[in-house]
Structures are given as structure tokens and as C-alpha cells.
Amino acid sequence: MSRADRAGYAGLAAAALGLACFLTVALLGPSVMEPALPGGSGQPPYSLGVRPSPHLVIVLTAIGAGLSALGVGLCLYASRRGWWISPRILLIAGGVAAVAFMFMPPIGSADHLNYAAYGRMAVTGNDPYATTARGLPADPVIGAVQDWRDAPTLYGPIATAQQTFASLIGGRSVRLTVFVMSVTEVVAFLTVGLLLAHATRGDRERRLRAALLWSANPLMLYALVAGAHNDVLALAFAVAGLVVFALPDPPWSHQTDARSLGRCVAAGILIGAGAAVKINVAIVAGGPAWILLRDWWEARRATGAGRAPARSGAGAAAVRLVALPLTAAVVTGLAYLMAGPHSFDQLGRASRAVALATPWHLFAGSGGGLLLTLPRSTVQRGAVVLTVVLAVLLLRAAPRPGVRDVGGVTDTTGEDALRVSAALAIAWLFAAPYALPWYDGLGWAMLALVSTPVAAPDGRPVSTPVAAPHRPLAWSRIDGLLLARTTVLVLAYLPARDPRLAGLPHALDWLVTGVRSRVTPAVLTALLMALVVVAVRARRAPAPVRSPRAPAGPRP
């Protein structure tokens, strides 16, 4: 067994142990990491109800995060050096773990109690965008809210529709309502995994990478699925939109344009629906929009020079350019209009928030910044500027897209779009003033869509594992930086709840006052600086040459 094989299987073992820690925390029942769910005792989700101590569940979660990070890191390291395991096995294993979490109460935060309350408000005729839990304390579902009792919903209309659907089934039972929401989140998580497998078909190393980053990633299973967060629903729509846009047309379509108008409209509808769940995923539309803008500019120059017929010139390209963002905006806008005028109010309130566990806490926060205090408007503008700068640097560091051969069709346009979307998403995550562990799902999904070739000792990019030592190109190093960031955020939010309402002992207050409020902003600032250094020092690599691949199967 080679060194890469040993590292790969050791990584799988570490990831499995980390996942077991998370599952144990959920199975033990209500604790500082798991709020109690009022409802019928025979209703799902189920747990043992042994009331574990705060120290036990926090230590288990911290160990789980550490083992998961080690496991994912080892598997990625090994896969770049020739180790391979069937992605289908990882896809199935991740699906089994997701379903197991579905049948156990959510852990890590109390957000699902708010989700259930917002759905109950809609069912009982109240506007969740203008109503707070404190205003309806007698309702058995709304009254169960612990955190954010004075906050109307910040989520998009499609998220509210999902919560309303769950409330219609769950009725007056918090437990059953939360279970129905968990079912929809698991379906969304599995859908993303299947979309990634479909998008990476024809390249078994890339397909393995996608499975490691998403389906078999214990940190994502913990942050998104075990926490029952609606971010995964938004990601399912957004990833579907990118896949629709990025994959090449089949050979029988005889499509001569870069992307058909119908495909642009379909991608816009899907991405717009994702933004109507959580507005932040709208940033992925930047990839397709940039490619369509580039196509329009090139068609305009070609038409002006008489090198292209009118029907395939700038006019058709302009229609496609307008179709995708306009469709996305119409879908999102109509959803918000149907939700009522107060839904727009909450978007503005959310954009001004600054979390403790971000680099921006050095300059802002509810009690002021750690170093100095800046106006929130300055922080907002600074975050936008930083996002743009990081995106430009990341695109500079990205390798040129290789020519993919999918079903006999070669295409580079889709690869370009995915890289721009990934760069924008990663830049936003590192630059945003508000961050929580489950927000990083956007980054992991985007990285799983793009290819990251490695370099041989002479600097040449290679697309297949080689026996000689080789190093990852700059784009590949983002995997490690995002892995470190997600792990730090998971450890910073132990738990992501009000410490007093959760029952956190005063002896553990340092988790909030020390780790979350002081250590984490410093560490995330260091990771941000590392991202800048990696991107600045990178030299743009040529596209990898992809040789034909044999069908995926067991290694000899």
C-alpha cells in the first residue's frame, strides 16, 4: 500500500470518527447543543433523552470537528497523489449519514425553532416578516422559540413557503414540524450531491473530489444537515442553475451559440429561486453573467468587423446576456412582492449585521470593534470592496479552463462560468461581515464544481495523479484555507445559541467571550491574509491537458 493510500484510508477513518461524534451528540438528546422539541413522544425525530452534561457534548463536538477536518484534509491530500475510492461509495455513505441525522433532533443551534415559528405564523394568518415570537407567546410552536424572539424572519419567501408547508403537516407540534423541515433539507443536500456527481461525470478524479468536498464531508453534514439549516435548500437551486448553464449541449442539439436562450432562462429561474430562499446565493449568477457579457462583447466586435452574420451577432448575444439576470431578478422580486412589503425591510436589516466571529469584529460589533469602531456603513462598503478585490485576485490565480469532453462534446464556456462563480463565492465568504459555519456550504459546493489541477516538479500542470512528488496549484490551496475557516467557525459556535438560554455553565463562558469574540476574529483575519498571499504569489497556469479516461472502476 502506497503512502497516498495509507493517507486516504486514514482520512476516511478520521472522518468517520468525527461523524460518529456528531451523531452521538444528536442521539443523546436535549443538551446545550440540542434544544428540546415539544411534541408527541412518538413523533420523529427521536433521541435517547439522557440529558448529557454541557462539557460532554461540547467536547464531543469539538473532537468531531477536529477529526473531520483531519479526515477531509488527508483525503484531499491523498487524492491529489493517486489515491482513489469509488465516489459512489462516498455518495451513498453521505446519504446514509444525512438520513440518520434527519431522524434525530437538530444540533448546534436553535434556528430550527425559529423556522417552525415562522411557518406557524404564516399558517395562523400572521405576517412572519412583521411578527415576532415575543408577540405570540401563547402559541405552542411560536412560544417555543428561544433565540431571536424579537426578530421577524430574515429568510426569503421560498424558505417561508417551505416552513409553512412543514407547519401545515406539523400543526401544533414543534417536533413534527421540525422533522418535516429536516426531510426537505436532507432531500436538498442529496440533490446537490447528485448534481455535483452529474456535473463531474467523465472525470473520475474530479468526481472523487466533489464527493469528498460535499457528500462525504462531515463538516457539511454537521453544519447543514444536522443543524437543519435552510441554506442547503438555497444551494440546491443555485447549484442546479449553474449546472444547467455550465454543462455543454448534447451533440444532437446542433446548438451553435455559446449558450441557448432557453438554457439562460432556466438557469436564471433556478438561481432566482435560490436567492428567494437566501439572498446571498445570488452571487453565483456572476459567473454566467460575466461569460454572457464576454460573449456579447466578442460578438459585437465580430459583427462590427463583418466577421459574423447578423443572426448570431451582438443582438442575439445581448438577448442572452439580459435574459439570465433579468429572469433571476424577476423570480426573486416576484417572490418578495408576494411575501409583502415587510419582506424587503428585513433585507436591509440583515445587511447591516456584524458577527462576533469575523475579521470585521475588529472594527465593529454591538459593543464596538476590538481595535477601533467604524460606522456600519463603512463596514458594508469595505466588505463590498474587499469582495471585489479578492475575486479579482482569485481569478488571476485560477488555471485556465481545460477542454472538457462530456458525451463527445467539448466545451470551455461552462468551465469559465464555474470558476468565476466560485471566485465570487469564496471572496464573499472571506469578506462578509457576518459568518456562521453553515454559510460555508456555498464555498464547498462551488469548489466541488471546479477542477483544481496539480503541478509537477517542473511546474507543468497535470490532470492525472503522478508518481513523482508534485505540488497543488494556488487554486487547490483554497481547499485547505476553506477547511481551516469552516473548522474554526464550528469551534467558535459551540453552541450557536444564547449561552444562558442554552444552559451553558458560567465556567464555559470563555467559549463565547474568548474563543468566539477574540480568538476567532484574529484567526479568520490570518486566513484572509493567507488567501491574499496565495492569490498574489500565484502565476496563472495553462490549462491542463486531459487525456481520455477509462471508465471508473476498482483500482487494479
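Predicted model: local features only at pLDDT ≥ 70, side-chain atom pairs only at ≥ 80, totals over all residues.
Helix 6 covers residues 174–199 and helix 9 covers residues 231–246, and their axes come within 8 Å of each other, crossing at roughly 25°. Because angles under 35 degrees count as roughly parallel, helix 6 is described as roughly parallel to helix 9.

As for the residues that make up this contact, helix 6 contributes E185, A188, F189, V192, L195, L196, H198 and A199, while on the side of helix 9 they meet V232, L233, L235, A236, V239, A240 and V243. Sorted by class, the contact of these two helices has 13 nonpolar residues, together with one polar and one charged residue.

Let me now step back to the whole protein, in which there are 19 helices and five strands. The protein has 556 residues, and 57% of them count as buried. Its accessible surface comes to about 21900 Å², with 67% of that area belonging to carbon and sulfur atoms. If we take the contacts between residues at least 6 apart in sequence, 76% of them join residues at least 24 apart.

Finally, a word on V515, a residue of helix 19, which spans residues 510–537. Which residues is V515 in contact with, once its neighbours within four places in sequence are left aside? They are L491, A492, W510 and T520. Turning to Y493, which is 22 residues from V515 along the chain, the C-alpha atoms of the two are separated by 8.8 Å.

Definitions and conventions. Residues numbered from 1 in each chain as written. Heavy atoms only, no water. Helix = DSSP H or I, 4+ residues; strand = E, 2+ residues; numbered from the N terminus. Buried < 20%, exposed > 50% of the residue type's maximum accessible area, 1.4 Å probe, protein only. Contact = heavy atoms within 4.5 Å. Areas by Shrake-Rupley, 256 points an atom, 1.4 Å probe, with all protein chains shown as cover. Axes fitted to C-alpha atoms, helices over the stretch in contact; angles between N-to-C directions. Parallel < 35°, antiparallel > 145°, perpendicular 65-115°, else oblique. Nonpolar A, V, L, I, M, F, W, Y, C, P; charged D, E, K, R; others polar.
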